[in-house]
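Please walk me through this structure in the viewer. Tell me what to select at each stop and what is there.

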Amino acid sequence: MSLTAASPARAARRTVAWRRPLRTALRYVLLSLILIFALFPFIWTLAIALTDKTAGTSIYAFPQSLIPARVTLHNFADVFRTFALGKALWNSVVITTLTVAGTLLISALAAYPLARFRFPGRELIFGAILATLVLPSETTFIVNTLTLKHLGLLGTHWGVVVPTVAGAFGIFLMRQAFVSVPAALLEAARLDGAGELTILTRIMLPLTKPSLTALGIFTMVTTWNAYFWPMLVLSGAPDKAPMAVAVLKLKGQFNYDPFNIAAGAIIMMLPVLLVFLAAQRLFLRGMEGAVK
Amino acid sequence: MRVPWRTTLLSYTFLAPALVLLGVFTFYPLLYGAYLGFTEYNGARFGQGLPPRWVGTANFEKLFADPLFLTSLQNSVKYLLVVPALQLAALAVAVLVNKQLPGMAIFRAGFYVPVVTSISLAAVMWEWVFNREGTLNWLLRNLGLTTPEAQFGWLNSEVWAFWAVMLVTFWRGFGYYMVLYLAGLQNIPEELEEAAVLDGASAWQRFWKITVPLMRPTILLCTLLSTIAALRVLEEVLVLTNGGPLNSTYTALMYVFSKAFQGFDFDYGLASAAGLVVAAVALALSYLNFKLFNRPEEEEA
């Protein structure tokens, strides 16, 4: 037994010895090809955005259009002038800020009693909140637009924001964070006569900053990128549309200018990309946390 | 244990904003949407103040007599082909980056960038790729696979638009599932792999005998998520082809959306009924996924 078991093992180690560099090289080649697939559209768009369109190169002159012959920032200024991009950018900022603030506030408030108190109905409420993650939501956007119409919020930024701020993800995330705060800290604060709101704002929130940040960043990225819901709510108010909606409208315009569109796309992408690169670890770990 | 009434009151005060919003914008629309599926109710009439009228299963009869709905349902089922492609690719890529080698962090982050890209930007960028004069045709031409005469716009092709849209879904999704698989892979004890290497197991054997069985919960979660996402695909279709050409990319949720908001009659009743059918299929597929991937341990070979 020991003989037969040992020889394949040694054989395996021998093969590994000469195969390893080759395998590693192959791994890098494969990964690089996939990286090109993942990033190519961005690289090309950036190249187009930086190309001086007066030089007369077509964006499809391939592969020359990947390396702009004459680099300029003119397209970025141009897209602001011709497409009122500043307005769309402002709308994105307003919608995203309101949504992030609302989500953090509502999630933290709701999560606190769910994490720290026993009260009748707690299990039921928590269950119902979690159930929203799997409930079939195919028809909710129809009824929600009707509700917004009744409330007079259709075509407003509040109409985009309000229906999205209470979500199971945020409440669940904050509850998990609050549960982990040591009970002794809370007891001490209560003995000192602190009210529950003080405990929440002075103890719980500072101690769960990483979770709050994570939730804030996730919400910021999704809201900034969201297309369908703002498009639907603001279909009657195009001047209130965020960049995600406006960029596509630009593309449909008669005087469709790919250089300006590319510049607009880069402007829209930039905040999310910067946030992602800065908080990359948090992002990827947050996702990994979802399966653990 | 007696709960002090103050605690209860306080709890509900803190919960109130979330409960009101969830009630109004999640639970109420779920129930009312289901009800609307059994009514005749359209937006034009809604403007004139006519309430929804109960019509029983009339909407469902209309749906299954509508060739467009049948096409869209068929396309949605066909769209599920993206699931195995996505999962196999994501798992393979996760295995590739799950090694302590220089530069792996760059690859992981790079593959995730499409995930944090807005569908609007994806639409702008990919239309240039799929254009008649775009990159895809250039690539195929230079690989000698097509001739300059055979160039066409992929999104305008009745045959290819569907696959082009699916490619965008794939592009936006594989980084997401890769990260989930990566987490699963890092939970596998290293000793297990080492022992297998000493026993002379090949990389391929290790993958199938160790990695895959231990990753079963992650695989279940990922297939479940991507099955439901594929069935509910709407944004890609909406921004890239709007269901065309010749309805070849019309998916079930595209049907729901267009019946409710794109036509002249704003047929909320029919759209809600179609939404219910999609929801039923989604539930059935989730159940099937569980049955397929959550086999009890003793059934394993």
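Select B:Gln87. Is this residue of the predicted model buried or exposed? B:Gln87 has a relative accessible area of 6%. The cut-off for buried is under 20%, so B:Gln87 is buried. Its place is in helix 5 of chain B.

To find its centre, select A:Arg27, B:Val95, B:Glu193, B:Ala203 and B:Arg206, the lining residues that lie nearest to it. The whole lining has 46 residues.

Which helix gives the largest share of that lining? Select helix 1 of chain A, which contributes 11 residues. Then colour the lining by residue type: 24 are nonpolar, 10 polar and 12 charged.

Next, show the two chains in separate colours. Here 96 residues of chain B are in contact with 94 residues of chain A. Between them, the chains bury about 8200 Å². Carbon and sulfur atoms carry 79% of that area. On the chain B side, pick out B:Phe14, B:Phe25 and B:Trp128. These three lose the most area to chain A, together 11% of what that side buries.

Move to chain A and select A:Ser107. Its place is in helix 3, residues 85-116. A:Ser107 counts as buried, at 1% relative accessibility. Beyond its neighbours within four places in sequence, A:Ser107 is in contact with A:Gly170, A:Ile171, A:Met174 and A:Leu215.

Last stop: helix 5 of chain A, residues 140-151. This helix has 12 residues. From first C-alpha to last it reaches 16 Å, close to the 16 Å expected at 1.5 Å a residue. Why is helix 5 of chain A largely enclosed by the rest of the structure? Because 9 of its 12 residues are buried. Among them are A:Thr140, A:Phe141, A:Ile142 and A:Leu148. Step just past the helix to A:Gly152, which takes a positive phi of about 70 degrees.

Technical notes
Residues are numbered from 1 along each chain as its sequence is written. Chains are lettered from A and ligands numbered from 1 in the order in which they are written. This is a predicted model: local features need pLDDT of at least 70, side-chain atom pairs count only at pLDDT 80 or more; totals for chains, interfaces and linings use all residues. Side-chain values use heavy atoms; hydrogens and water are left out. Helices (H or I, at least four residues) and strands (E, at least two) are DSSP runs, numbered from the N terminus. The expected span of a helix is 1.5 Å times one less than its number of residues. Buried means under 20% relative accessible area, exposed over 50%, partly exposed in between (1.4 Å probe, protein chains only). On a 1 Å grid over the protein atoms alone, a cavity is a set of points where a 1.4 Å probe fits but cannot get out, and a pocket is an open set with protein on both sides within 12 Å along at least five of seven lines; lining residues have an atom within 4 Å of a point. Ala, Val, Leu, Ile, Met, Phe, Trp, Tyr, Cys and Pro count as nonpolar, Asp, Glu, Lys and Arg as charged, and the others, Gly among them, as polar. Contact means heavy atoms within 4.5 Å. Buried area is the accessible area (1.4 Å probe) that two parts lose on being put together, summed over both.
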